[in-house]
Amino acid sequence: MSKRYSPSSSSGELTWWKPKNGTNTIRIVKSPNNKEAWIEVFNHWKVGSSRRPLLCTADDKRDCFVCDKCFELQEEAKTTKSEKDAQSLSDKAYEMRAQSRFAICMIDLNNVAAGIQGWDAPTTVVKKLTAFMINSEWGDLFSIEEGRNIDIAYDSSAEGTDMYSVMASPKQSPVPEECKEAAKNPPDLYKSKYTMSYEEQKNTYLGAAQASNTAPPPDTSEAPAPVPVDKTTPPATVPPGAPTGGVNLRS
Ligand SMILES: [Zn+2]
């Protein structure tokens, strides 16, 4: 992972965390300027010949090469005579569709030395976290002095929402001393995310060598199966096998 970054950078670049199987204890930090502790991002999975994930930039007021490619595949499917070929084009677009994740800034309490990292948390984790925010007696989970550590139990062999259990500590505690300063002003998630140009997306899609300043790929460890990983997510707008008329590629 580390070779994707230039470690001396101070431009707000984040290293991206992945949960390990078992219990991970983390602390979520949020920018005082943000209302939420997370930003919703969309990742394309299994993109191009390298089948790697790629951040969708369509909602950053820019074009997204992968979305464009998906539209192209759908258009191609419409004019393809063989039903089987049309289906395979349509399936390919569906497989690459953008799926929602929630980027957060966090500290891995089992690896505090790594400082503040980013995590593309799945919808299910954010939903489970939100449950603690409904009852005000839990207080501000993300407060530097009086927030709570969060246990994330991860099981990569489980499916869908069963992959993650989320439990806030019953005890309030401060952020580890060595991370306090950084936690007061965590890296800008948008800036850390949206760094790849259209051309770089294209090159990545085509499997060409990446430019050195490209964004980190989203977390691959939890790449969902062709169906959305979170069973509570509304059905995708382009189910496999659907007629190719629908053009909303985001689920
Ligand atoms: Zn996209």
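Modeller: Start with the contacts. Of the contacts in the protein chain with a separation of 6 or more, 70% are between residues 24 or more positions apart. Two residues are in contact if their C-beta atoms, placed from the backbone, lie within 7 Å. This is a predicted model: local features need pLDDT of at least 70, side-chain atom pairs count only at pLDDT 80 or more, and totals for chains, interfaces and linings use all residues. Residues are numbered from 1 along each chain as its sequence is written.

The protein chain has 6 helices and 7 strands. Both are DSSP runs numbered from the N terminus: helices are H or I with at least four residues, strands are E with at least two. Along the sequence the pattern reads β-β-β-α-α-β-β-α-β-β-α-α-α.

Of the 251 residues in the protein chain, 36% are buried. Buried means that 20 or more other C-beta atoms lie within 10 Å of the residue's own; exposed means 12 or fewer, and partly exposed is in between, with C-beta atoms placed from the backbone.

Now the core. The largest nonpolar core holds 52 residues, and Ile28, Val29, Cys56, Val66, Ile104, Met106 and Ile107 touch the most other members. Strand 4 gives this core its largest share, 7 residues. A nonpolar core is a set of buried Ala, Val, Leu, Ile, Met, Phe, Trp, Tyr and Cys residues joined through C-beta atoms within 7 Å. In soluble globular proteins, nonpolar side chains tend to be buried together.

Look at Ile28. Leaving aside neighbours within four places in sequence, Ile28 is in contact with Ala37, Ile104, Met106, Leu141, Phe142 and Ile150. Met106 in strand 4 also stands opposite Ile28. Strand 1 and strand 4 (residues 98-108) pair antiparallel over 4 bridges. Two strands pair if DSSP finds at least two bridges between them. Strand 1 (residues 22-29) also runs antiparallel to strand 6 (residues 147-154), joined by 5 bridges. There, Thr25 has Asp151 as its bridge partner.

Helix 1 comes next. Its buried residues are Phe65, Val66, Cys67, Lys69, Cys70, Leu73, Gln74 and Ala77. They pack against strand 2 (38-47), strand 3 (52-55), helix 2 (83-95), strand 4 and helix 6 (198-205). The 15 residues of helix 1 (residues 65-79) should span 21 Å at 1.5 Å a residue, and the end C-alpha atoms are 21 Å apart, which agrees. The expected span is 1.5 Å times one less than the number of residues.
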